[in-house]
Amino acid sequence: MREFSLYVITGEQYHPGRSMLEVMEAALAGGADIVQLREKNLPASELLEKARALRELTRRYNVPFIVNDHPDIALAAEADGVHLGQEDMPIAEARERMGADRIIGISTHAIEEARAAERDGADYIGVGPVFPTGTKPGRQAVTTSYVRQVADEIRIPWVAIGGITPDNADQVLAAGASRLCAVSAVVGSSDPASVCRRLKEQIAAARGEL
Ligand code: 3NM
């Protein structure tokens, strides 16, 4: 898959009164270079409608678009890929439905899961939640020690996620991450573009690109 550094996921609960498209456009303007639609409790028809709208927006910015949990909706909306949880369908099944050219990502919370994902042909993995987060309540933080393990061992692209903000991003980058993912810090901000610009600068500095 194409290289990326700042992955932004939707979270409509964080911006009452502002539309998902408005907030995600601000994130894209600030430099988000991959975007995921994540809506846990919507009927399929509404999810598809949102997916199509976000597909159109991400196409304008030439940014890959991923749909959480639903390969069928990802395909119907012409998304670039799907993101799976550990409890969703196996990677092999998603691959069969999506084809070789689409992106398949999966969340991992321990090194065994990361190894399995790499072995099973995931295109990228999520690594988290690094810090406690209200966006995924009930899941214990894996801390930067899991980030370090993945940095040492895993060779497919991976992105750190969970409670990441500009204030703690440098800790995650120092643990070996070179891609960050955020929901609340970006979409819950009154200025998503500037949060994205800041995170991108932190990532670029850690990569030695500045
Ligand atoms: N997945 P925020 S943590 C959607 O660890 C999600 O797999 C996680 O949201 C994982 O940036 C998480 O608001 C929530 O903490 C990320």
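Author: Before we look at helix packing, a convention: axes are lines fitted to C-alpha atoms, for helices over the stretch in contact, and angles run from 0 to 180 degrees between N-to-C directions. This is a predicted model, where local features need pLDDT of at least 70, side-chain atom pairs count only at pLDDT 80 or more, and totals for chains, interfaces and linings use all residues. Residues are numbered from 1 along each chain as its sequence is written.

Reader: What angle do α1 and α9 pack at?

Author: In general, two packed helices are described by the angle between their axes and the distance between the axes. Here α1 (residues 20-29) and α9 (residues 192-206) pack at about 35 degrees, axes 7 Å apart. Helices are DSSP runs of H or I, at least four residues, and strands are runs of E, at least two, numbered from the N terminus.

Reader: Which residues meet there?

Author: Contact takes C-beta atoms, placed from the backbone, within 7 Å. Val-23, Ala-26, Ala-27 and Ala-29 of α1 meet Pro-192, Ala-193 and Cys-196 of α9. That makes seven nonpolar, no polar and no charged (nonpolar: Ala, Val, Leu, Ile, Met, Phe, Trp, Tyr, Cys and Pro; charged: Asp, Glu, Lys and Arg; polar: the others, Gly among them).

Reader: And α6: which residues are buried, and which exposed?

Author: Count other C-beta atoms, placed from the backbone, within 10 Å of a residue's own: 20 or more is buried, 12 or fewer exposed, in between partly exposed. In α6 (residues 143-153), Thr-144, Tyr-146, Val-147 and Val-150 are buried. They sit on the same side of α6 because their arc, taken from the directions from the helix axis to the C-beta atoms, is only 150 degrees. Ser-145, Asp-152 and Glu-153, on the other side, are exposed.

Reader: What covers the buried residues of α6?

Author: The cover includes α5 (111-119), β6 (124-127), β7 (158-160) and α7 (169-174).

Terms used:
Contact = placed C-beta atoms within 7 Å.
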